[in-house]
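Dear colleague,

Please find below the structure I am handing over to you. My findings follow directly after it.

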Amino acid sequence: MRNQGEPPEKDPAHFSGFLCDLCNSAFAYHELRQCILCGRWACQSCWTPEFYVCNSCNGMITLHTLGDKSTK
Ligand SMILES: [Zn+2]
Ligand SMILES: [Zn+2]
């Protein structure tokens, strides 16, 4: 869990790199987005622009949405 507004983790191996919290690869700051649910920083391939969340939270949203539909 990360707080909103907290900066992404700096990659010690790359001077100007920041780490994606999901795949742990180094990216430039502007390539990362902070998830509105868990506060983790995600790169483009770990990010779901549709919901402004990381792919991990998107999986939970999708499950929840599908669950709601199936119980009705
Ligand atoms: Zn990533
Ligand atoms: Zn998330």
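Met1 is exposed in this predicted model, because 6 other C-beta atoms lie within 10 Å of its own, and a residue with 12 or fewer counts as exposed. Met1 belongs to the segment before strand 1. Apart from neighbours within four places in sequence, Met1 is in contact with Cys38 and Gly39. With Gly39, Met1 forms a pair separated by 38 residues in sequence, yet the C-alpha to C-alpha distance is 6.4 Å.

As to the overall arrangement, the chain contains 1 helix and 6 strands, in the order β-β-β-β-β-β-α along the sequence. Of its 72 residues, 26% are buried. Among the contacts with a separation of 6 or more, 19% join residues 24 or more positions apart.

Regarding confidence, the mean pLDDT of the chain is 87, and 88% of the residues score at least 70. Strand 4 (residues 41-42) has the highest confidence, at 97, whereas helix 1 (residues 55-71) has the lowest, at a mean of 80. Where pLDDT is low, the predicted coordinates should not be read in detail.

Two residues deserve a note on their backbone. Most residues other than glycine have a negative phi. Asn24, however, has a positive phi near 60 degrees. Asn24 lies in the loop between strand 1 and strand 2 (26-27) and is exposed, since 11 other C-beta atoms are found within 10 Å.

Tyr52, which is likewise not a glycine, has a positive phi of about 60 degrees. Its place is the loop between strand 5 (47-48) and strand 6. Is Tyr52 exposed or partly exposed? Tyr52 counts as partly exposed because it has 14 C-beta neighbours inside 10 Å, which falls between the limit of 12 or fewer for exposed residues and that of 20 or more for buried ones. Tyr52 and Arg33 are 19 residues apart in sequence, with 8.2 Å between their C-alpha atoms.

With kind regards

Notes: Residues numbered from 1 in each chain as written. Chains lettered and ligands numbered in written order. Predicted model: local features only at pLDDT ≥ 70, side-chain atom pairs only at ≥ 80, totals over all residues. Helix = DSSP H or I, 4+ residues; strand = E, 2+ residues; numbered from the N terminus. Contact = placed C-beta atoms within 7 Å. pLDDT = per-residue confidence, 0-100.
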